[in-house]
Amino acid sequence: MDQFVTYTVFGVVLAAIYAIAASGLVVTYTTSGIFNFAHGAVGMLGAFAYWQFHVKWGWPTLLSIAVVLLVIAPLIGVFVERVVMRGLQGVSEVTKVVVTIALLFTLIQVAPVIWSPKGSYSVQPFFGAAKIDLAGAGVTYHQLIVIGVAIVVAAGLRALLYGTRLGIGMRAVVDNRMLAELNGARPDRMSAFSWILGSALAALAGILIAERIGLETVALTFLVVNAYAAAVVGRLTSLTRTYVGALLLGLGQAYAQGYLPDNPTWFAERNLDIRSLSLAIPVIMLFVVLLLIPHARLRAHGIVRSRELIPRPTYRWSLVGFGVLIGVVSLLSGALSGEDTLIWSQGLCFGIIMLSLVPLTGYGGQISLAQMSFAGLGAYAIATWGGGGNPLGVVLAVLLAAAAGILVALPALRLRGIYLALATLAFAYVMEKVVFNQRALFPTTSKPVDRLWGLESNRAYLIFLAVVFSLVGFGIVWLRRSKFGRRLQAMKDSPAACATLGLNLTVTKLQVFILSAGIAGLGGALFAGANRAAATDSFSAVQNLPVLLMAVAGGIAMVSGALTGGLLLASFSLATRSIPTLELFGVDAKSFFENLFRLAPGLIGITLGRDPNGLVAMVSDKVKRLWERRLQHRGTRDLPVPATRWQQLVEPVWAVESMGVDTPFVPEEIARIDERLALDEEEVRAGVFA
Amino acid sequence: MSLLEVREVSVRFGGHMALQDVSLGVEPSKIVGLIGPNGAGKTTVFNVITGLQEPLRGRVLINGIDVTSFAPHDRAQRGMARTFQRLELFGSLTARENLMVAAEIRRTWGQHTIPAEERVESAIDLLGMHEFIDKRADVLTTGQARLVELGRALVTRPKVLLLDEPASGLDASETEYFAGILQGLARAGMGILLVEHDVPLVMKICHDIYVLDFGKVIAHGIPEQIQQDQRVIDAYLGSGSGVPA
């Protein structure tokens with residue numbers, strides 16, 4: 001009985017922390033429409049900041065918490081809102097998600113720069129080990145405080161969102177930003193406030209849980225997966241149901257830890273460890289909930305005028321491009337050192353894995369955060385069945401990854417895109433924590449791999465990879481021009497119209513997801529071949545982030561974008577390696593540059609809101625504009641710069657202009673309108689929400 | 001048997017009853033009008049019929065088969081197509097590709113004797129869309145976009161066609177031409193359910209009219225009856241409705 005009470009209290013405490021974290025997620029989502037994947041990372045930074053003030057500098061507990069929650073977290077929130085999120089008007093959901101993922105990745109990389117991974121960090125529970133007695137079990141003050149805080153947060157949020165003008169304004173802004181603005185709300189201010197609130201709640205959760213799980217960057221960041229699971233119970237919008245979800249999750253985890261038996265002998269004999277399954281409880285819950293959520297209601301939303309372009313390459317130019325790629329690789333590879341060849345080989349493999357995202361994300365608008373995990377399955381397959389360069393290994397790599405794709409996607413595909421992103425991130429987490437660390441699969445953290453057809457020379461393998469990239473890339477160009485490609489694009493533009501024309505959306509999404517997972521599996525097998533080893537840490541959950549980020553940065557809807565993304569990733573690791581040891585102004589410049597390159601994918605990803613079409617499109621657009629300018633008026637200066645392609649698409653449709661007003665009002669006109677409407681200046685200035 | 005039958009459908013949005021026991025039917029070769037003031041629930045009826053909105057109660061039948069529990073694509077595959085009041089074109093595709101996608105989706109089920117391209121070309125001819133057919137759909141004018149939506153619905157060869165304010169954005173001569181097309185489609189056997197605010201158009205081409213107000217059918221009959229109905233005049237038409245003979 002005592003034990004049961006202890007586990008229950010422990011479960012409720014976990015639930016309280018998940019609930020606080022999840023409600024922060026829900027607040028930002030309901031008030032800004034952006035699902036913040038970096039939420040856990042903000043919590044992680046909050047926990048570290050608390051350690052800095054309280055443990056390192058010895059500030060009092062309350063002061064430290066106050067500074068984190070009232071100064072640091074709001075600053076992060078304002079920064080995120082101002083610098084990152086405000087540029088995201090008129091971009092697709094994919095870009096919004098990718099930008100928060102870039103933020104997540106950046107924060108994960110920034111933390112070790114400030115708090116070196118070599119140091120040891122720990123925080124003590126509030127009031128130490130002091131406890132009270134509850135039905136024979138000891139409950140610490142820390143635990144009581146956590147539960148109390150969760151209750152206060154719940155009550156406070158409810159009162160804010162439903163009972164105050166600010167909260168109602170925040171909800172209004174999400175429902176219809178323009179209408180709310182016309183009624184005097186200030187969307188920017190509301191949005192900034194919701195990010196501040198979300199960040200503070202994340203930081204609070206981070207501080208409360210740090211004494212239990214320790215200050216470890218990735219562990220704290222991925223805690224958010226648990227919060228996702230709770231928030232999904234509330235379908236990302238209901239706070240009450242989010243709390244219920246958190247409670248189920250917390251208790252489930254506590255009882256599992258308490259009552260699950262040790263690893264049974266049958267499993268132990270086969271080098272399988274089922275205890276790690278307890279780590280997967282949040283993910284299992286996430287999947288069960290996803291299965292239970294009814295089909296997403298399709299909504300008609302009018303024609304979406306997006307800034308994003310999906311080029312339609314011609315076969316001729318694609319062939320020329322692939323020919324150039326193979327030619328250049330063949331020529332240059334002769335001049336590269338063995339190690340450099342290896343890094344560029346990895347880059348091409350990343351390129352192939354990124355190709356898997358072109359049809360899925362670029363054409364179909366579905367986001368996957370598990371491509372490296374599928375690649376890991378491919379690597380496992382080639383290590384297991386590809387001995388002696390047997391091509392069967394590659395075939396099985398593709399099939400195994402594709403089969404896993406079906407398992408992940410089936411529950412999520414019936415729902416909106418954001419749920420697929422969540423499900424794939426959760427899957428990646430389980431693959432890392434539960435599957436890839438089974439000794440039956442990977443006896444050590446790395447498994448030797450024979451290269452396909454015994455291509456022992458690094459140069460030959462690099463050229464081979466360029467050929468494979470070209471073949472897969474050509475397949476994707478063909479797909480883009482095919483019926484299926486058109487259908488994917490139609491599905492991205494208007495799911496409602498597709499369904500009412502008779503298209504089975506779930507089947508279509510499943511087809512493209514299987515294709516994508518299969519390509520990722522192929523890329524993984526080739527990647528393992530390049531390294532001559534399938535190493536599990538190459539396929540950890542975090543590894544998925546730079547792959548998605550660089551694919552989008554290169555250009556998610558383009559084969560050339562995938563190539564650029566892959567080669568950029570390779571060049572970062574090449575650059576990191578080749579920085580000489582140097583000191584500038586007494587600072588270790590080597591580690592500064594190393595950190596910079598490590599941060600690069602995140603920093604590039606954050607800027608995507610400004611041009612969601614990626615680097616390749618940006619460069620080709622700039623070249624084209626310069627060229628057109630030269631052709632039009634040689635020698636004439638001060639010409640207006642031609643609009644970029646997306647400007648040409650977007651600018652004619654500003655709402656006011658489409659109502660027939662094409663010049664802005666002058667102050668006299670505004671005054672005249674105010675007079676007609678019998679508004680006095682005071683009233684106008686006061687607005688409704690000011 | 002009716003091509004399309006809606007039986008006592010009710011829909012609730014929170015505390016608001018958007019539809020209350022709405023029933024209507026569409027026969028082959030008939031154009032049925034669904035009119036009423038803004039907010040009466042006309043688009044909601046369309047959403048219930050096509051499966052985009054789950055009703056609180058009531059049933060939808062296509063060709064006598066109860067499709068209430070069917071997904072939108074299953075219903076479409078039974079021979080139904082619609083257009084949207086707020087246009088739902090595939091913005092990043094050209095107008096022609098919009099039609100091609102629909103024709104290709106149509107070929108994934110049922111028998112298909114005529115190639116997709118041919119079907120698309122005949123729709124372009126029928127609706128006179130040559131001028132803008134290769135432009136991206138998100139830069140078309142409203143009138144052009146409405147034609148593309150109609151064309152896209154037609155290439156799926158529906159037995160019953162649901163049109164949500166298809167004439168808004170068309171000028172007088174375009175409307176005239178458009179009326180002729182709808183009458184031609186009906187003569188060929190298609191059943192059409194038409195939501196439209198252009199009352200003269202509705203009165204001219206519809207065989208049967210339902211009037212919706214605050215989520216309820218307040219009148220049903222042939223155009224002449226509807227024009228005389230006092231409740232309809234009060235709720236929607238007004239006394240000086242200017243309906244042509």
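This report looks at the nonpolar cores and the chain contact of a predicted model.

## Nonpolar cores

Let's start inside. The largest nonpolar core holds 278 residues, and the members that touch the most others are F37(A), F374(A) and L161(B). Helix α1 of chain A, spanning residues 2-32, gives the most to this core, contributing 16 residues. A separate core lies apart from it, made of 27 residues that include V11(B), V45(B), F46(B) and V60(B).

## Where the chains meet

Now for the contact between the chains. Chain B brings 33 residues to it and chain A brings 28 residues. Together the two chains bury about 2800 Å², with 58% of that area on carbon and sulfur atoms.

Polar pairing is here too: eight residue pairs are in polar contact between chain B and chain A, counting pairs with both residues at pLDDT 80 or more. Two salt bridges cross the interface. One salt bridge joins R486(A) to E104(B), with their closest N and O atoms 2.4 Å apart.

## The chain B side

On chain B, the elements α2 (72-76), β6 (80-82) and α3 (95-107) each supply at least two residues of the side that touches chain A. The largest share comes from α3(B), with six residues. By residue class, this side of chain B has 17 nonpolar, eight polar and eight charged residues.

How values were computed
Residues are numbered from 1 along each chain as its sequence is written. Chains are lettered from A and ligands numbered from 1 in the order in which they are written. This is a predicted model: local features need pLDDT of at least 70, side-chain atom pairs count only at pLDDT 80 or more; totals for chains, interfaces and linings use all residues. Side-chain values use heavy atoms; hydrogens and water are left out. A nonpolar core is a set of buried Ala, Val, Leu, Ile, Met, Phe, Trp, Tyr and Cys residues joined through side-chain atoms within 4.5 Å. Buried means under 20% relative accessible area, exposed over 50%, partly exposed in between (1.4 Å probe, protein chains only). Helices (H or I, at least four residues) and strands (E, at least two) are DSSP runs, numbered from the N terminus. Contact means heavy atoms within 4.5 Å. Buried area is the accessible area (1.4 Å probe) that two parts lose on being put together, summed over both. A salt bridge is a side-chain nitrogen of Lys or Arg within 4 Å of a carboxyl oxygen of Asp or Glu. A polar contact is a pair of N or O atoms within 3.5 Å; within protein, one must be able to donate a hydrogen and the other to accept it, and residues adjacent in sequence count only if both atoms are side-chain atoms. Ala, Val, Leu, Ile, Met, Phe, Trp, Tyr, Cys and Pro count as nonpolar, Asp, Glu, Lys and Arg as charged, and the others, Gly among them, as polar.
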